[in-house]
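Colleague: I would like to learn how to read the features of a model like this one. Please take them one at a time, with the general idea before the case.

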Amino acid sequence: MFSKITKLLLVSFVLASTSSSIVAAEPTSDSNNMKKPNVLILMFDDMRFDTFSYRGGPVNTPNIDALAAESTRFDNAMTTTGLCSPSRAALYTGRWGHKTGLDDNVELYSTRLAELDLKEGGVLRRASDAGYLVGHVGKWHLGARGTELRGAEIDLAHGHEARERFARVYTPYSKVPKIEGYYQGKLDSRGEKHEYYMTLDGGYEDTAAYQKVVAGKKMLKQMAEDDRPFFGVISFNQPHPAYRVPEPYASMYDPALVELPANHLSKRVFKPLAQDGIWWPWHDVGHMSETDWRKARAFYYGAMAMVDRIVGELLQAAKDEGVYDDLHIVLWGDQGSMLGEHTLYDKGPYAYDELMRMPLLIKDPELQPRIVKRQVSVLDITATLADWMTLEADGDEDGHTLIPLMEQGDKAEEGEVDLSLYAYEWYNGNWFGIRAVRTPDFKFVWNPGDSRDEFYDLKNDPGEVHNLIKDPKYKKQRADMVKLLISELERVADPSLEKLNYHAKAYL
């Protein structure tokens with residue numbers, strides 16, 4: 001018989017041998033998949049950063065607030081371009097438009113682009129190649145069948161988007177007489193201006209947005225039943241203008257009571273000429289009365305209340321399917337939108353904060369929630385996704401992972417310059433070439449297609465009303481911002497740098 005000590009030694013030897021063999025063994029595909037996180041992106045169109053109740057905004061958003069309480073709040077997140085297709089291309093590829101070729105909207109009147117080059121597989125292809133079940137629901141806006149062709153096995157609720165590559169572009173013929181009619185005093189049904197605000201017939205469940213909710217729930221159910229890790233995107237057109245919602249959202253906010261910002265309908269003094277342009281028929285706002293502007297804002301708030309309901313339903317579906325607790329979630333808006341600030345509507349070739357800033361919440365169930373105040377970019381989301389899912393690189397990575405900020409807060413980048421870079425190369429076939437750099441204190445906007453650049457003191461003029469580009473009191477600060485822009489364009493290998501170096505001589 002073995003003594004107790006001998007038995008213990010034998011057991012220890014067996015355990016050590018077993019442990020050693022486990023370490024030496026090649027990991028199976030299944031074990032790799034089990035370690036990979038499930039990821040869900042909730043994407044909204046033209047959703048401003050300042051509306052939510054968790055930010056002290058005017059709309060009660062309890063479901064988004066609840067997600068914010070479990071997430072890292074990036075309260076100074078910035079888009080790359082205030083335009084749908086380029087901002088989305090930046091998310092999916094992690095690269096600037098001058099590298100991917102996607103620097104304008106696609107499939108719309110006067111654009112030269114039909115799709116994001118299929119060589120740009122982006123995170124959809126990278127996730128599929130890494131063994132993920134990839135699904136996409138809703139708005140894509142980067143070319144017909146682009147999600148399917150990049151490996152999305154679940155591909156639902158495309159909405160108005162073409163399903164045939166290189167189809168003829170949407171041209172807004174019907175909108176031109178509508179705007180002309182508004183100048184003549186003609187109104188749409190219910191006495192509304194449907195190019196700006198509209199009460200939809202029926203209720204919430206009759207909307208196109210709700211059909212995407214249904215498809216999103218279907219996708220979550222299929223993903224929950226699959227053994228593979230999943231990467232899913234649910235993308236909505238809401239709250240993109242025109243602001244169209246059913247009751248009760250259409251009358252949820254009283255237009256007479258909405259608070260207007262200080263730069264509402266402010267006159268554009270010494271601003272680039274492009275800001276006066278009518279790049280889409282509804283940019284012609286000379287017919288808009290104060291009541292019209294108030295109604296447009298109130299309907300936008302109603303759309304945001306409906307967005308909150310959408311988020312609540314999808315998160316509850318994830319809980320019902322048993323995948324919520326360890327689900328990694330990104331909620332973001334591709335850019336902001338103008339609601340009358342600077343007398344502008346929708347979006348266009350400029351870099352105002354109402355357009356440049358975007359909402360961003362990132363939930364990592366393994367990390368404590370926190371608020372990050374440093375500026376981050378949509379490009380950083382891509383790098384973070386790749387970090388989470390251990391995706392193989394597919395080219396340049398212009399952003400950086402946000403995980404250190406999520407783990408440590410602002411101190412993770414203490415001592416580094418807090419800046420964001422922004423571009424507006426094209427708007428539906430019209431070239432502008434705008435580049436802007438922003439810090440918490442200042443913003444410099446280079447307008448190479450105009451003789452006027454812009455410089456704003458964000459601390460003293462957060463509404464960006466006063467263009468200080470010629471003010472001698474800001475000579476040093478302006479020069480510092482120009483140097484930052486030069487440095488950033490050099491970092492991302494932007495071909496416009498050569499021209500900027502010539503224009504910058506006036507400021508250095």
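Modeller: Start with pairing: two strands pair if DSSP finds at least two bridges between them. Helices (H or I, at least four residues) and strands (E, at least two) are DSSP runs, numbered from the N terminus. This is a predicted model, in which local features need pLDDT of at least 70 and side-chain atom pairs count only at pLDDT 80 or more, while totals for chains, interfaces and linings use all residues. Residues are numbered from 1 along each chain as its sequence is written, and side-chain values use heavy atoms, with hydrogens and water left out.

Colleague: In which sense do β16 and β17 pair, and over how many bridges?

Modeller: Strands of a sheet pair through backbone hydrogen bonds, either parallel or antiparallel. Strand β16 (residues 420-427) and strand β17 (residues 430-438) take the antiparallel sense, over seven bridges. Leu-421 has Val-437 in β17 as its bridge partner. Two residues lie between the strands of this hairpin, and Asn-428 takes a positive phi near 45 degrees there. As for burial, the cut-offs are under 20% relative accessible area for buried, over 50% for exposed, and partly exposed in between (1.4 Å probe, protein chains only). By that rule, eight of the eight residues of β16 are buried.

Colleague: In what order do the strands of the open sheet stand?

Modeller: The eight strands run β5-β4-β7-β1-β9-β13-β2-β14, with mixed pairing. β5 (154-156) and β14 (370-372) are at the edges and have a single partner strand each, so one side of each lacks a neighbour in the sheet. Axes are lines fitted to C-alpha atoms, for helices over the stretch in contact, and angles run from 0 to 180 degrees between N-to-C directions. With direction ignored, neighbouring strands of this sheet are turned by 10 degrees against each other on average.

Colleague: Which strands does helix α4 touch?

Modeller: Contact means heavy atoms within 4.5 Å. Helix α4 (residues 84-93) packs on the sheet and touches β1 (39-44), β4, β7 and β9 (328-333); its direction makes about 170 degrees with that of β1. Helix α9 (residues 290-320) also packs on the sheet, touching β1, β7 and β9, at about 165 degrees to the direction of β1.

Colleague: How many residues of β9 are buried?

Modeller: In a regular strand the side chains alternate between the two faces of the sheet. For β9, His-328, Val-330 and Trp-332 on one side are buried, as are Ile-329, Leu-331 and Gly-333 on the other. Six of the six residues are buried, so β9 is largely enclosed by the rest of the structure. β9 runs parallel to β1, with six bridges joining them, and Gly-333 is the bridge partner of Phe-44. With β13 (residues 360-363), β9 pairs in the antiparallel sense over four bridges.

Colleague: How many salt bridges does a search of the whole structure find?

Modeller: Side chains of opposite charge can pair when their charged atoms come close. The search finds 43 salt bridges. One of them joins Arg-438 and Asp-353, with the closest N and O atoms 2.8 Å apart. Arg-438 is in strand β17 and Asp-353 in helix α10 (residues 353-356), so the pair ties together parts 85 residues apart in sequence. Arg-438 is buried at a relative accessible area of 6%, and Asp-353 is buried at 8%.

Key:
A salt bridge is a side-chain nitrogen of Lys or Arg within 4 Å of a carboxyl oxygen of Asp or Glu.
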